Amino acid sequence: MDACRQLKTLISSLIIFLVAAEASGNQVSDHSPVTLFQKYLRIRTDHPNPDYTAAISLLSAEARAIGLLSKVLEFAPGKPVLLLTWLGRDPSLPSLLLNSHLDSVPAEPQHWVNAPFAAHKDDAGRIFARGSQDDKCIAIQYLEAFRNLKASGFSPLRTIHVSYVPDEETGGVDGAEKLVRSKEFEEMNVGFALDEGQASVNDEFRVFYADRVPWKLIVKAVGSPAHGSRMFDGMAMENLAETMEVIGNFRKCQFDKVKGGEKPASEVVSVNPVYLKAGTPSPTGFVMNMQPSEAEAGFDIRFPPTEDSDLLRKRILDEWVPSGRNLSYQLIEPGPARDHRGGPIMTATDETNPWWSVFKQAIIDAGGKLAKPEILSSTTDARFLRQRGIPTLGFSPMSNTPILLHEHNEYLEETVFLKGIKIYESVISALSSFGG
């Protein structure tokens, strides 16, 4: 960690200490949800060196001030999980879980109109910061909804848990995945969960009942090295280029369905090249008159849970990486593509799922509108919960907002953030009072 990052961490720790001291002294202050949101955004939890300690210190201090129970677990060194609990009147009932991830992707400051970790609010009320949409907004909205519900005298029937997990942006293996496999999670007796969603560009809130399944494909080609001027069959670069052409044609067919309006992006198979390794290094770059003996490419594959994963594996073997062309491949499948019954891993959004009816009505009661439920085109920690058979919806109450996760100049408007707190008040009170 460089000196600048160390200084920022010390400043963050000092801020957290002062917040905790105020909370422990039970002092009355002019609390501002937006100010708290900005404080959280200023904590550098971006990869590759997320400051999880400062983030958990801030969230824990607020939880104590509200009157929630808190516990820190660590399933991987240096990667803590924060669990908050509001005990229900009947703890024997399956509980409600609200999830949010602590980490965020990096930002390139030179491409931002405002510093990405300053949480600057402009005259239009836009709060610019990495993580403002993905997904530090819901982390604070959960807490503020609890604060308001407690102040109103509300008492939940079911126990409510909040999990703040690390490493979602790097696959969730050391965060949510380890949490849901733990004995501590078993003891939580989770019956229904909410995780992050995405912004909506219109006045309807988006809600997601499934994530696309993520695969990673690494293809390696080999061939005889030779002088750069020679032309012959079976060289490594030629073998790899043929594979990339076949995959590119498949990608085009899938993308044409999206561009033609036949299917949304979340319901096709996306395959994108993400890296390419080839060539013989030299002190000034690469040897230009030598054909390499090896070449390698990596591909990100995402497909909807309704896709036949066995047919996709067969396509990879028969068409993309066929035998006889000096090709080998590695297919990385992080988690199952189907449930234990062989069906797609999805959460029902109809009358067969009573939680859905309660959730939908709570949105209406708060004056909101829901768009048609959809599959998320990317992948979140929600998949680990659904893999355990727990009905889980992806939901972030951001309407009339451009979708800016992982992009330059990510921001969230103050009014949208504050409205989201009211939405969660309705949703949390309804789901935790559900007696079915």
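These questions and answers cover selected features of a predicted model.

Q: How many disulfides does the count come to?
A: A disulfide needs a pair of cysteine sulfur atoms within 2.5 Å. By this rule, the count comes to zero.

Q: Is C137 buried or exposed?
A: Buried means under 20% relative accessible area. C137 has a relative accessible area of 1%, so C137 is buried.

Q: At what angle do the axes of helix α9 and helix α11 cross?
A: Two packed helices are described by the angle and the distance between their axes. Helix α9 spans residues 354-365 and helix α11 spans residues 414-433. Their axes come within 8 Å. The crossing is right-handed, and its angle is roughly 145°.

Q: How do the residues of the contact of α9 with α11 divide into nonpolar, polar and charged?
A: From α9 come W355, V358, F359, A362, I363 and D365. From α11 come I423, S426, V427, A430 and L431. The division is nine nonpolar, one polar and one charged.

Q: Which residue of β2 is the bridge partner of V72?
A: Strand β1 covers residues 69-76 and strand β2 covers residues 79-86. They pair in the antiparallel sense over seven bridges. In β2, the partner of V72 is L82.

Q: Which residue in the hairpin of β1 and β2 takes a positive phi?
A: Two residues lie between the strands of this hairpin. The phi in question is near 75°. The residue that takes it is G78.

Q: Is S399 buried or exposed?
A: S399 is found in the loop between β18 (392-394) and β19 (411-413). Leaving aside neighbours within four places in sequence, S399 is in contact with S200, N202, D203, F205, V416 and K419. Its relative accessibility is 6%, and the cut-off is under 20%, so S399 counts as buried.

Q: What separates the C-alpha atoms of L157 and L93?
A: L157 sits in the loop between α4 (136-151) and β6 (160-165). Not counting residues up to four places away in sequence, L157 touches G88, R89, D90, L93, S432, S433, F434 and G435. L157 and L93 are 64 residues apart along the chain. Their C-alpha atoms are separated by 8.3 Å.

How values were computed: Residues numbered from 1 in each chain as written. Predicted model: local features only at pLDDT ≥ 70, side-chain atom pairs only at ≥ 80, totals over all residues. Heavy atoms only, no water. Buried < 20%, exposed > 50% of the residue type's maximum accessible area, 1.4 Å probe, protein only. Axes fitted to C-alpha atoms, helices over the stretch in contact; angles between N-to-C directions. Helix = DSSP H or I, 4+ residues; strand = E, 2+ residues; numbered from the N terminus. Left-handed = near helix turned anticlockwise from the far one by under 90°. Contact = heavy atoms within 4.5 Å. Nonpolar A, V, L, I, M, F, W, Y, C, P; charged D, E, K, R; others polar. Pairing = 2+ DSSP bridges.
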